[in-house]
Amino acid sequence: MKNELFIKHPHRRGLATWRDDVLFFIFLVVCLLSHPLTLVFAVDQSPVANEDQYLLDTLWDYYQAVPNKSPVHVGLALGGGGARGLAHIGVIKVFEQEGVPIDRIAGTSVGALIGSLYAAGSSTEDLEQMAHDIGWSALTNYSGYSMVRLLVLQTLLSTDRMETYLRKRMGDIRFDELKIPFVCAATDLQTGERVVFREGPVVTAARASATIPGLFSPVVFRHRYLVDGGLVSNLPTDLVRSIGADIVVASDVSSDYSNVEPTNVLSTITQAVYIQGQQINRENRRLADVIVSPDLQSISPTDLTRSAECIDAGSRAARNAALEVKRLLIDRFWPQLWDLKWTGKA
């Protein structure tokens, strides 16, 4: 791991910068020497890796103890990707385990579903259980019969069940009532505009954001015909920053779609949507401070039966991301850590 995040200060220049860096270096040495060296050198890891990890853990403990910190908000941007988006649950779970705050959330498509549920108060255990139990029949009227109606009578499928499913778990909660500030995006099918939801009923917004065009009926809201936000904003890094995120973490569940063979109408349409979204992702990824990219190459966007694999992939990818967020938070507050260490408040 690299330590440069702890000591770089692009906004500061001159003698004061050198003086502070020297003092901080002394502080780091004291932190390492204030505990038994046997803790630094573990059996199955290199000494350098252990020193770096131990140093980060020590500084993180001090960071969490700093009173009256100026708030630095961590925001999660949860991207679209169909069933692959269940990996977002693993990302959230690891951040909770590592004590990394989630202060803001933006979501698109499946990211809007998971993000809204978590922002409304669902626990990661609840989300895992939902992922295990969920299926297309729980969210839509997708079936062989409905597909025949679609092809013969050109009758689009419905996502009414999705709204019912979400309402059972969130009620009629509105954006201003959420436990965590949340925003999501849908697409206006008539104008091609991105429609950003910041107020009003959360369930309707999340449903609109996750409605696949060409297969499901658009969600009619305020005289607009709304469909999947992945068409115009598949990885909403700009949205989470717009609601106050200082550090933006992007959970990008897009993958190389050449590994997935579309075999039916559902998989073909969803793949077309996500291919377009992947092109937009490239710009949005540049707006992120930290990117989580779970390995989901073998999982189809329509395969909801592999939820456990998706969640595990998200957890694995989030480990390093959580460390990076800790470094960014510590880097912004190391002068306060210095004061805490030497004023006897620790």
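A residue is called buried when its relative accessible area is under 20%, exposed when that value is over 50%, and partly exposed in between, with a 1.4 Å probe and protein chains only. By this criterion, buried residues make up 52% of the 346 residues in the chain. The structure is a predicted model, in which local features need pLDDT of at least 70 and side-chain atom pairs count only at pLDDT 80 or more, while totals for chains, interfaces and linings use all residues. Residues are numbered from 1 along each chain as its sequence is written, and side-chain values use heavy atoms, with hydrogens and water left out.

## Overall architecture

The chain contains 12 helices and eight strands, where helices (H or I, at least four residues) and strands (E, at least two) are DSSP runs numbered from the N terminus. If contact is taken as heavy atoms within 4.5 Å, then among contacts between residues at least 6 apart in sequence, 77% join residues at least 24 apart. The accessible surface of the chain comes to about 16100 Å², and 53% of this surface belongs to carbon and sulfur atoms; such areas come from the Shrake-Rupley method with a 1.4 Å probe, and for residues only the protein chains shown count as cover.

## Salt bridges

Side chains of opposite charge can pair when their charged atoms come close. With a salt bridge defined as a side-chain nitrogen of Lys or Arg within 4 Å of a carboxyl oxygen of Asp or Glu, the structure holds 14 of them. The table lists some of these pairs.

| D172 | R167 | 2.4 Å |

## Aromatic rings

A pair of aromatic rings is described by the distance of the centres and the angle of the planes. Rings of Phe, Tyr and Trp (its six-membered ring) pair if their centres lie within 6.5 Å, and planes under 30 degrees apart count as stacked, over 60 as edge-to-face and the rest as tilted. Two aromatic pairs are present in the structure. The rings of F175 and F182 have centres 5.9 Å apart and planes at 10°, so this pair is stacked, and both F175 and F182 are buried. The other pair, F197 and F221, is tilted, with 5.6 Å from centre to centre and 50° between the planes. This pair links distant parts of the chain, since F197 belongs to strand β4 (residues 194-197) and F221 to strand β5 (residues 219-221), 24 residues apart; F197 and F221 are both buried.

A ring also takes part in a charged arrangement: the charged end of R169 sits over the ring of Y165, 3.6 Å from its centre, where sitting over a ring requires NZ of Lys or CZ of Arg within 6 Å of the ring centre and within 35 degrees of the ring normal.

## Individual residues

H88 is placed in helix α3 (residues 87-98) and counts as buried, at 0% relative accessibility. The side chain of H88 makes a polar contact with the side chain of S251 at 2.8 Å; a polar contact is a pair of N or O atoms within 3.5 Å, in which, within protein, one must be able to donate a hydrogen and the other to accept it, and residues adjacent in sequence count only if both atoms are side-chain atoms. Leaving aside neighbours within four places in sequence, H88 is in contact with L78, G79, G111, I114, S251 and V253.

The loop between β5 and β6 holds R222 and also H223. R222 has a positive phi of about 50° although it is not a glycine, and H223, likewise not a glycine, has a positive phi of about 65°. R222 is exposed at 57% relative accessibility, and H223 is exposed at 76%.

R282, in helix α11 (residues 265-285), is exposed, with a relative accessible area of 53%. The C-alpha atoms of R282 and L235 are separated by 9.0 Å, although these residues are 47 residues apart along the chain.
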